[in-house]
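Dear colleague,

I am handing over the structure below, and I would be grateful if you could look through it with the notes that follow beside you.

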Amino acid sequence: MRYVHLYFTCIKRSMISRLEYKKDTVVALFSFFFSNFCSLAAIYFILQAIPALAGYSLYEVGFFYGFSMLPIALDHLFSDEFWLVAYRRVKEGDMDMLFLRPVPVMFQVFAETFQPEGFGELILGVALIAVCSANLTVKVTFGAVAVLCVGAVFGAVIITSLKVAMAALAFIFKRSGPLLQVIYNFSSYAKYPLAIYPALVRALLIFVLPFGLFISLPVDTLLHGAHNPWLLCGAIIGCAAVFFALAVWVWTACERRYESTGS
Amino acid sequence: MIEVKELTKVFRKPIRGEGLSGMVKTLFSRKYEEVRAVDGISFTVPDGEIVGYIGANGAGKSTTIKMMCGILTPTSGSVLVDGLEPYRKRRQVAQNIGVVFGQKTQLWWDIPLIESFKVLKEIYQISDADYKERMAFLGEVLDITRFLSQPVRTLSLGERMRADLAASMLHNPRILFLDEPTIGLDVLVKEKIRQAIHALNRTYGTTVVLTTHDMTDIEDLCSRIILLEKGSILYDGPLTSLKNRFGNLKTLTLTVPAEIRAETAPVLSEEIALAEEDGRLVLRFDADKIALEQVIQYAFRDLRAMDMKIADISIGDVVKTILEQQEAEHAEKV
């Protein structure tokens with residue numbers, strides 16, 4: 001409970017920082033709308049060019065794309081500061097102050113930034129899903145909706161866990177940004193149905209970097225009733241729990257190796 | 001109470017070649033050099049004491065402080081802060097200590113100072129009553145009330161340092177670590193900060209460990225100093241006995257005509273060491289062995305000084321002299 005309260009205090013702080021620079025806020029708002037407009041246009045053009053993909057119709061591919069944005073957007077909202085840890089903060093010794101406070105370092109990194117840009121992606125994803133669903137004729141079952149919700153929320157947990165673990169490696173290597181980037185880029189694979197990939201990549205996307213597990217499989221379940229939704233829910237939640245536990249473990253182990261910088 | 005025993009921190013660094021080709025070779029090399037930043041030091045600081053922790057740049061002062069406040073994990077040896085190891089019980093220790101690094105601010109850069117304090121209030125779980133009392137005390141001794149609503153990035157260095165100091169004292173820590181709290185500040189702000197440290201120590205009995213290159217800080221504040229060089233303790237004891245260890249050393253800096261050179265200048269006594277620094281003539285001597293008056297007469301009469309500055313021995317000179325003695329002792333043994 002204390003941490004929930006503390007989290008909101010810190011987030012408020014982050015928002016005040018954001019609004020401190022008036023012109024910057026205006027520019028940020030503008031670029032936010034512009035970049036979202038651009039990605040929406042890009043999706044439209046892609047969908048126009050691809051009438052069907054590996055047996056999936058135009059709207060099904062659109063649905064995939066829209067759904068894949070949800071866990072990524074949720075992750076973006078809460079854990080953006082880890083990029084800075086991976087690229088800069090450890091290397092520059094800028095983590096010192098976090099070690100001086102009576103709160104877990106990882107919590108402070110989460111609480112350092114709240115990225116409202118994530119809402120834009122969330123809205124965009126939901127809009128794309130809504131438009132595509134209207135043009136699809138699928139039997140919506142309760143199980144399928146449940147597995148989509150679980151996929152979005154716990155998928156975000158998995159992405160965040162990967163991010164935390166990769167960022168933690170910066171404590172050892174000083175800079176782990178490029179590594180984090182590589183892992184993160186795999187999420188773009190998951191924007192398309194698993195069926196288009198060779199078996200090896202498919203296995204990789206389910207068992208190693210499980211973007212396929214929480215994006216493709218739930219969508220397939222809705223569209224084609226491909227999997228048992230409750231089993232899949234269990235698998236995703238279990239996977240998220242394991243990834244999160246591993247991330248915390250990696251972070252805690254690496255944190256102690258922080259070397260700071262000379263003054 | 002801080003207990004430091006056989007504390008050691010070793011940094012491992014790959015041995016690097018120079019230039020691009022050297023850097024590429026480094027990628028495939030497994031050679032490392034060990035840098036012993038802190039090398040087996042031990043000392044104890046009792047409650048309520050103000051200790052000056054001094055030494056040249058790179059002597060290992062900041063590294064020790066960072067181990068004492070839980071940022072760095074020691075390679076070997078131990079630190080106990082009120083009976084707890086900071087790198088194992090980091091959160092518990094953090095609740096009882098305050099830290100200021102003069103070179104880095106701990107405040108949020110782009111929000112008003114008061115907002116930073118409000119966040120710290122939540123982080124340290126300070127009650128409303130305590131918070132009010134602390135803000136009144138700190139507002140008075142550090143004079144920060146005037147710029148509370150300004151964002152930290154718009155504060156001057158002096159204001160920022162006072163703000164940082166206030167932030168570190170907000171939760172009434174039992175121990176305060178100050179790493180160069182007066183660096184780059186003007187005399188008035190330095191004075192203000194010293195008074196605040198004194199007030200805090202008197203009012204709350206706070207233990208203070210302070211690093212600085214400013215001799216006046218040390219003389220004003222510290223009853224005891226620990227002198228560090230190359231990761232080892234060279235001296236640990238009262239300031240006065242360190243200064244008197246080499247007698248009453250003074251430095252005379254003279255502006256003299258160009259034809260007066262250190263090598264050819266008339267000699268008054270073997271007790272005076274002559275050197276040229278930045279086009280000036282520098283005389284070093286022990287005022288207990290040769291009278292200051294005599295030296296000044298000599299400077300004007302024989303060296304035809306046009307201008308003169310008298311200074312007590314600086315902490316740098318003390319360190320230098322101790323080091324020179326150490327090397328000499330070492331050479332004798334060999």
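Buried residues, meaning those with 20 or more other C-beta atoms (placed from the backbone) within 10 Å of their own, make up 38% of the 263 residues in chain A. Please keep in mind that this is a predicted model, in which local features need pLDDT of at least 70 and side-chain atom pairs count only at pLDDT 80 or more, while totals for chains, interfaces and linings use all residues. Residues are numbered from 1 along each chain as its sequence is written, and chains are lettered from A and ligands numbered from 1 in the order in which they are written.

As for overall form, the radius of gyration of chain A, taken over C-alpha atoms, is 20 Å, which agrees with the value near 18 Å that a compact globule of 263 residues would have, the globule rule being 2.2 Å times the number of residues to the power 0.38.

Between the chains, 21 residues of chain A are in contact with 28 residues of chain B, contact meaning that the C-beta atoms, placed from the backbone, lie within 7 Å. On the side of chain A that touches chain B, the largest share, 8 residues, comes from α1(A).

With kind regards

Definitions and conventions
Contact = placed C-beta atoms within 7 Å. Helix = DSSP H or I, 4+ residues; strand = E, 2+ residues; numbered from the N terminus. Buried ≥ 20, exposed ≤ 12 C-beta atoms within 10 Å, placed from the backbone.
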